[in-house]
Amino acid sequence: MKFEDNFLIWNKLTKSQQDRLSATVICRKVKKGTIVHNGSMTCLGLLLVESGQFRAYIYSEEGREVTIYRLFEMDICIFSASCVMQNIQFDITIEAEKDSVVWIIPPNVLKEIMEESAPMANYMNQIMAGRLSEVMWLMEQIMWKSFDKRLAAFLLEESKVEDSLVLKITHEKIANHLGTAREVVTRMLRYFQNEDMIRLTRGTVEIIDRKRLEELD
């Protein structure tokens, strides 16, 4: 698939801007587990997912990972180009959760076109506002929602993403997503299992009573 088929505001750009993007945009295959961006790396640029899945996360004060959002097909990550956005200082790590294909607009090209094109600038601001809303929602979940509800919601979301009731995921990975200790996750999963909501095997969590998890959520 071509870049212009993925980029929603392509037709709102001038021919010159389209030509510049076509000449500079990079298509890159990314293996599962690859870190494509973090605070210590050079500014990546705008990342557009053609296929696959990514996870964006930050570290808590205790050094634990906390997933702030995930990226799927056609999603755009602007924090990977935070060097272009004034007054935006987010130290975010972006990791491929599956083998993926992405398009990358270099930061210098992104900046030039944002300065020239009102539609491009507005589109970037909309994406930024959406991501910040997700961060605020996450903070509310962490501050006000009990962990059993957060865990139930995560398992249901993961089931939807994978289109399966059998989730191939470790307790450590769940803890990284939710920003807590593995032991906390293990205790709650065992409680869910004792209540016949899930079944645990090595490296997997099987949902056996979705309705009760939904009631918790």
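Biologist: What covers the buried residues of α6?
Modeller: This is a predicted model, where local features need pLDDT of at least 70, side-chain atom pairs count only at pLDDT 80 or more, and totals for chains, interfaces and linings use all residues. Residues are numbered from 1 along each chain as its sequence is written, and side-chain values use heavy atoms, with hydrogens and water left out. Contact here means heavy atoms within 4.5 Å. The cover includes β4 (54-59), β5 (65-71), α5 (147-162), α7 (182-194) and β11 (204-207).

Biologist: Which residues of α6 are buried?
Modeller: Helix α6 spans residues 171-178. Helices (H or I, at least four residues) and strands (E, at least two) are DSSP runs, numbered from the N terminus. Buried means under 20% relative accessible area with a 1.4 Å probe, protein chains only. In α6 that holds for Ile174, Ala175, Asn176, His177 and Leu178.

Biologist: Which residue with positive phi follows α6?
Modeller: Its phi is near 70 degrees. The residue is Gly179.

Biologist: How are α3 and α4 oriented to each other?
Modeller: The axes (lines fitted to C-alpha atoms over the stretch in contact, with angles from 0 to 180 degrees between N-to-C directions) of α3 (residues 107-116) and α4 (residues 118-144) come within 5 Å and cross at roughly 115 degrees. Angles of 65 to 115 degrees count as roughly perpendicular. So α3 is, relative to α4, roughly perpendicular.

Biologist: Left-handed or right-handed, how does α3 pass α4?
Modeller: A crossing is left-handed if the near helix is turned anticlockwise from the far one by less than a right angle, right-handed if clockwise. For α3 passing α4, the crossing is left-handed.

Biologist: How many residues in the contact of α3 with α4 are charged?
Modeller: From α3, Leu110, Ile113, Met114 and Glu116 meet Ala118, Met120, Ala121 and Met124 of α4. Asp, Glu, Lys and Arg count as charged; Ala, Val, Leu, Ile, Met, Phe, Trp, Tyr, Cys and Pro as nonpolar; the others, Gly among them, as polar. The contact has 7 nonpolar residues and no polar ones, and the charged count is 1.

Biologist: Which residue of β8 stands opposite Arg28?
Modeller: β1 and β8 (residues 100-105) run antiparallel, joined by 5 bridges. Opposite Arg28 stands Val102.

Biologist: How many bridges join β10 to β11?
Modeller: These strands belong to an open sheet in the order β9-β11-β10. Thr201 stands opposite Thr204 in β11. β10 and β11 run antiparallel, and the bridges number 4.

Definitions and conventions. Parallel < 35°, antiparallel > 145°, perpendicular 65-115°, else oblique. Buried < 20%, exposed > 50% of the residue type's maximum accessible area, 1.4 Å probe, protein only. Pairing = 2+ DSSP bridges.
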